Amino acid sequence: MRAVEFQEYGGPEVLKVVEAEIPEPGPGQVSVDVAYTGVNFADLKARSEGYRVPQLPFVPGLEASGRVRAVGEGVTGLSVGQEVTALTEGGAYADVVLAHASTVFPVPAGVGLRTAATLPTVLPTAYALVHSVGRLQPGETVLVQGAAGGVGTVVGQLAKAAGAGAVYGVVSGAAKADYAREQGYDDVFVGEFAEAVRAATAGRGVDLALDPVGGETLRRSLASLAVFGRLVSFGNAGSAPAWTVGQPELYPSGISVGGFSILTLAKTAPGELRTLTERAFAKALDGTVSLPVTAEFGLEEAAEAHRLMGTRTSTGKLLIRVNGR
């Protein structure tokens with residue numbers, strides 16, 4: 001089978017198409033004939049700095065849609081040929097990928113495999129940020145870093161549907177700002193945001209801030225919170241050193257900090273992940289949210305997909321077409 005792997009860390013050029021053996025599922029695993037795979041920023045961090053890479057060579061790819069090829073011992077509720085979407089630990093840039101059965105979900109009726117590939121990471125993450133961890137209440141205000149990306153797109157829609165008083169986004173360019181406003185954001189700030197947030201909220205700050213960047217951006221997001229506000233960290237796109245927060249930051253305004261990683265949840269609480277995913281998928285089925293696919297690449301063009309995402313100019317969701325039509 002074909003697979004896209006890297007044998008060393010570096011730029012998009014280290015991604016190479018190779019011939020590999022078709023993996024066979026072990027106990028509790030499922031193999032999937034891949035139709036489409038999503039491109040995530042975590043894939044770029046894996047390629048460039050070894051994020052979640054156990055060893056080299058490594059095939060990236062954290063989500064895929066396709067059809068069940070084979071099931072391992074002990075797997076129930078899934079059958080060969082069934083259309084599914086899967087969250088994986090890597091390996092989805094390939095004709096066939098392995099996934100734990102607990103992270104393989106039947107494609108909802110009426111949803112095509114192309115759309116299904118956008119679901120496994122973005123929708124549950126966005127749902128958790130707004131509801132499970134962020135616990136947004138009607139009338140509250142929200143600040144979202146990376147508002148034009150995949151998660152940001154869905155968060156804007158979910159927050160408005162949940163009755164947010166105002167949803168503010170932060171992006172890196174004017175074109176992204178226009179896109180984010182189309183997804184439900186009331187106002188979008190380009191670059192620096194701290195003073196703009198205070199001005200937009202009459203000095204009060206926001207009730208909930210969502211940050212995938214880390215470093216100084218996280219600190220400025222903390223400073224943008226209202227009294228009793230909440231911040232949820234869900235990434236470290238800036239690759240800053242690990243941050244800490246303690247009594248000096250939390251006590252004065254009674255703020256709190258939470259965190260979320262769908263990949264970690266898949267390992268520590270797969271049952272909770274399944275419940276979360278079902279609730280998130282329901283929001284796509286009932287029309288509450290939609291995630292536009294803004295660019296699609298062939299498997300041999302994986303490096304081009306990484307180049308585009310690496311420019312920080314892309315919006316929505318990027319897909320790699322493996323065997324989809």
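The legends below describe several close-up views of one predicted model. Residues are numbered from 1 along each chain as its sequence is written, and side-chain values use heavy atoms, with hydrogens and water left out. Because the model is predicted, local features need pLDDT of at least 70 and side-chain atom pairs count only at pLDDT 80 or more, whereas totals for chains, interfaces and linings use all residues.

**View 1. The largest nonpolar core and the elements that supply it.**
The largest nonpolar core has 45 residues, and Val-142, Val-155 and Leu-210 are those with the most contacts inside it. Here a nonpolar core is a set of buried Ala, Val, Leu, Ile, Met, Phe, Trp, Tyr and Cys residues joined through side-chain atoms within 4.5 Å, and buried means under 20% relative accessible area, with exposed over 50% and partly exposed in between (1.4 Å probe, protein chains only). The elements that give two or more residues to this core include helix H3 (122–132), strand S8 (141–145), helix H4 (150–161), strand S11 (206–211) and helix H10 (270–285); helices (H or I, at least four residues) and strands (E, at least two) are DSSP runs, numbered from the N terminus. H3 gives the most to this core, with seven residues. A second, separate core of 39 residues includes Leu-15, Leu-44, Ala-303 and Leu-318.

**View 2. The packing of H3 on H10.**
H3 and H10 pack at an angle of about 100°, with their axes 9 Å apart; axes are lines fitted to C-alpha atoms, for helices over the stretch in contact, and angles run from 0 to 180 degrees between N-to-C directions. That makes H3 roughly perpendicular to H10, since angles under 35 degrees count as roughly parallel, over 145 as roughly antiparallel, 65 to 115 as roughly perpendicular and the rest as oblique. On the H3 side, Leu-123, Pro-124, Tyr-127, Ala-128 and Ser-132 take part, and they meet residues of H10 that include Leu-276, Ala-280 and Phe-281, where contact means heavy atoms within 4.5 Å. The residues of this contact divide into eight nonpolar, two polar and two charged; Ala, Val, Leu, Ile, Met, Phe, Trp, Tyr, Cys and Pro count as nonpolar, Asp, Glu, Lys and Arg as charged, and the others, Gly among them, as polar.

**View 3. The packing of helix H1 on helix H11.**
Helix H1 (residues 41–49) and helix H11 (residues 302–310) pack at an angle of about 105°, with their axes 10 Å apart, which makes H1 roughly perpendicular to H11. In this contact Phe-41, Asp-43, Leu-44 and Arg-47 of H1 meet His-306, Met-309 and Gly-310 of H11. By class, the contact has three nonpolar, two polar and two charged residues.

**View 4. An open sheet of six strands.**
Six strands form the open sheet in the order S10-S9-S8-S11-S12-S13, and their pairing is parallel; two strands pair if DSSP finds at least two bridges between them. S10 and strand S13 (256–259) stand at the edges, each with a single partner strand, so one side of each is left without a neighbour in the sheet. From one strand to the next, the twist averages 20°. S12 and S13 pair in the parallel sense over four bridges.

**View 5. Leu-208 in strand S11.**
At 0% relative accessibility, Leu-208 counts as buried. Leaving out residues up to four places away in sequence, Leu-208 touches several residues, among them Leu-129, Val-142, Leu-225 and Val-232.

Most residues other than glycine have a negative phi, and most peptide bonds are trans.
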